[in-house]
Amino acid sequence: MLAPACPDLAGLATLPDAWQEIGALHALAGTAIGLGPANVTAVLPALLSPVLACFQDQDPRVRYYGCEALYNIAKVARGDSVAHFNAIFDGLFKLSADTDISVQNGMQLVDRLMKDIVAESENFDVDGFMPLLRERVYVTNPFSRQFLVGWISALDSVPDIELLAHLPVFFDG
């Protein structure tokens with residue numbers, strides 16, 4: 001079992017130098033790739049936690065490489081990352097309003113991958129996602145609004161997900 005031997009990786013997101021953080025992000029993504037789809041599930045929470053924490057870093061390079069690391073981890077984990085969807089969505093939502101173009105581009109790449117993963121997943125918990133969407137639906141930032149509309153549209157296009165019952169979340173009254 002890999003999980004008990006896995007070290008605490010939360011400190012990687014708070015290294016004193018941006019390049020050390022970027023190196024740690026590469027190492028986390030490389031770990032996921034090295035473990036492969038069969039073994040990454042056991043350590044996925046330990047890999048995702050520092051990556052998502054880097055989305056709040058002051059340095060846009062760290063945020064961009066956080067997107068890159070998340071992309072590589074999610075690409076390996078695929079359906080297993082759906083169990084952590086709300087945390088991933090929350091991180092991407094925060095980056096949707098980022099002013100740095102490279103961070104925006106990185107976020108959009110991960111966003112497209114996550115939409116594909118959710119669309120092909122049989123385990124997506126739409127009922128668990130709706131409260132998160134409800135909290136953010138009144139955001140005023142146009143990029144964040146576009147991000148939310150993109151997710152509503154993507155979920156609506158999945159035949160197995162019925163959004164009609166959740167319409168009151170999107171519309172008042």
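Author: Contact here means heavy atoms within 4.5 Å. In the protein chain, among contacts between residues at least 6 apart in sequence, 72% join residues at least 24 apart. This is a predicted model, where local features need pLDDT of at least 70 and side-chain atom pairs count only at pLDDT 80 or more, while totals for chains, interfaces and linings use all residues. Residues are numbered from 1 along each chain as its sequence is written, and side-chain values use heavy atoms, with hydrogens and water left out.

Reader: What makes up the secondary structure of the protein chain?

Author: Eight helices and zero strands. Helices are DSSP runs of H or I with at least four residues, strands are runs of E with at least two, and numbering starts at the N terminus.

Reader: Why are α4 and α6 called roughly parallel?

Author: The axes of α4 (residues 85-96) and α6 (residues 126-136) come within 10 Å and cross at roughly 20 degrees. Angles under 35 degrees count as roughly parallel, over 145 as roughly antiparallel, 65 to 115 as roughly perpendicular and the rest as oblique, so α4 is roughly parallel to α6. Those axes are lines fitted to C-alpha atoms, for helices over the stretch in contact, with angles from 0 to 180 degrees between N-to-C directions.

Reader: Which residues in α4 and α6 meet?

Author: On the α4 side you'll find Phe 85, Asn 86, Phe 89, Asp 90 and Phe 93, and on the α6 side Gly 128, Phe 129, Leu 132 and Arg 136.

Reader: Why is the pair of Phe 85 and Phe 129 called edge-to-face?

Author: Rings of Phe, Tyr and Trp (its six-membered ring) pair if their centres lie within 6.5 Å; planes under 30 degrees apart are stacked, over 60 edge-to-face and the rest tilted. Phe 85 and Phe 129 have ring centres 5.3 Å apart and planes at 65 degrees, so they're edge-to-face. Phe 85 sits in α4 and Phe 129 in α6, so the pair ties together parts 44 residues apart in sequence.

Reader: And what makes Phe 124 and Phe 129 a tilted pair?

Author: Their ring centres are 5.9 Å apart and their planes stand at 55 degrees, so this pair is tilted. Ring pairs link Phe 85, Phe 89, Phe 93, Phe 124, Phe 129, Phe 147 and Trp 151 into a cluster.

Reader: How do you know that Arg 136 is buried?

Author: Buried means under 20% relative accessible area, exposed over 50%, partly exposed in between (1.4 Å probe, protein chains only). Arg 136 has 12%, so it's buried. Leaving out residues up to four places away in sequence, Arg 136 touches Phe 89, Asp 90, Phe 93 and Leu 148.
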